[in-house]
Amino acid sequence: MVDGHTPWDQELASNWEPPQIDTSVPHPNRMFNYLIGGKDHFKADRDAAEALIKARPDTVITARAAEAFTRRAVRKLAEHGIRQFLQMGAAITIANSNDQAAGESAPDTRTFVYVADDPISLAHARALLVGRPGPPVTVIGGNFREPQDILSRPGLIGKLDFDQPVGLLLFGMLDYIASDRRARRALDYLMQRVVPGSMAALFHVVEVESEEVNNALDKTLAQDQIELTPRTAQHVHELVQGYEFIDPGLVPITNWHPDGTGPGPELAERTAAIGGVIIKR
């Protein structure tokens, strides 16, 4: 803590200037922000999101269920004794952020690291962090699809103690890696780096059997860096085969420890995402 406030990484210090942003290219983080009712997005993001909404109005339900799931998952990890967190692929939220959820559940949370590949997310994180109380937070830019590069960044060294359990938050990570092999390699690398007792919370968007939805996704996927890759539920289970999930397993995110926040189990069939928490023994 610095003067009672959350410090931020050197990348986000006062002399940091965000790089130029191509506002004509939609980005999933900004699209997500639009879907949950935020204001940090551009016309390209809104157009791409509206194309998905037109094809499948339940896209909004999925997004809001996903945001609620992330909070529940963070709290569950804190209940299991996790006191340091690494979130790969930070989205722009409008409610309490995940580091605040961790701090509220476990006031002794030691550190929270966000990794974002979007300049807008980085700038937004800097604005949120300045002057805000809570657990020490670090935000670094980088491609979450290559975690080996992220974990070697100078800005991350010393922030996480890999001799102690780590909570990995893989929200919108695996489903934004088009290659199965690359996605599994990224997951395996992270799980190999953490010690027993560590946990990994994840959710994955699942395919919908609709030509109109698929066409809308194809339009969104026109930019290679987005890589949004819905998979069938069975495909996702195969992707994470061999890992142990805590109860209730890898399930529709509406059904994972529902607590009245966000869409509930009654909307499971309208929510195109499954999620769960891996534990390393």
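## Salt bridge within a helix

A salt bridge here is a side-chain nitrogen of Lys or Arg within 4 Å of a carboxyl oxygen of Asp or Glu. Arg-184 and Asp-188 meet this rule, with their closest N and O atoms 2.9 Å apart. The model is a predicted one.

Both residues belong to helix α7, which spans residues 180-193. They are 4 residues apart, about one turn of the helix. Arg-184 is partly exposed, because its relative accessible area is 23% and the buried class stops under 20%.

## The chain overall

The chain contains 9 helices and 7 strands. It has 281 residues, and 56% of them count as buried. Its accessible surface comes to about 12,400 Å². Carbon and sulfur atoms account for 50% of that surface.

## Salt bridges across the sequence

By the same rule, the count for the structure is 12 salt bridges. One of them joins the side chains of Arg-83 and Asp-108, at 2.8 Å from N to O. This pair links distant parts of the chain, 25 residues apart. Arg-83 is in the loop between α3 and β1 (84-88). Asp-108 is in the loop between α4 (98-105) and β2 (111-116). Arg-83 has 18% relative accessibility, so it counts as buried. Asp-108 has 49%, so it counts as partly exposed; the exposed class begins over 50%.

Another salt bridge pairs Glu-244 with Arg-281, with the closest N and O atoms 2.9 Å apart. Glu-244 lies in the loop between α9 (233-239) and β6 (251-252), and Arg-281 in the segment after β7 (273-279), so the bridge ties together parts 37 residues apart in sequence. Glu-244 is partly exposed, at 34% relative accessibility. Arg-281 is exposed, at 65%. Elsewhere, salt bridges with shared partners join Arg-56, Asp-58 and Arg-270 into one network.

## Aromatic pairs

The structure holds 6 aromatic pairs. One of them is Phe-69 with Phe-203, in an edge-to-face arrangement.

Phe-69 sits in helix α3 (residues 59-79) and Phe-203 in strand β5 (residues 199-205). The pair therefore links distant parts of the chain, 134 residues apart.

Phe-112 and Tyr-114 form a tilted pair. Here the centres are 4.8 Å apart, with 40° between the planes. Phe-112 and Tyr-114 are both buried.

Key:
Residues numbered from 1 in each chain as written. Predicted model: local features only at pLDDT ≥ 70, side-chain atom pairs only at ≥ 80, totals over all residues. Heavy atoms only, no water. Helix = DSSP H or I, 4+ residues; strand = E, 2+ residues; numbered from the N terminus. Buried < 20%, exposed > 50% of the residue type's maximum accessible area, 1.4 Å probe, protein only. Areas by Shrake-Rupley, 256 points an atom, 1.4 Å probe, with all protein chains shown as cover. Phe/Tyr/Trp six-rings, centres within 6.5 Å; stacked < 30°, edge-to-face > 60°.
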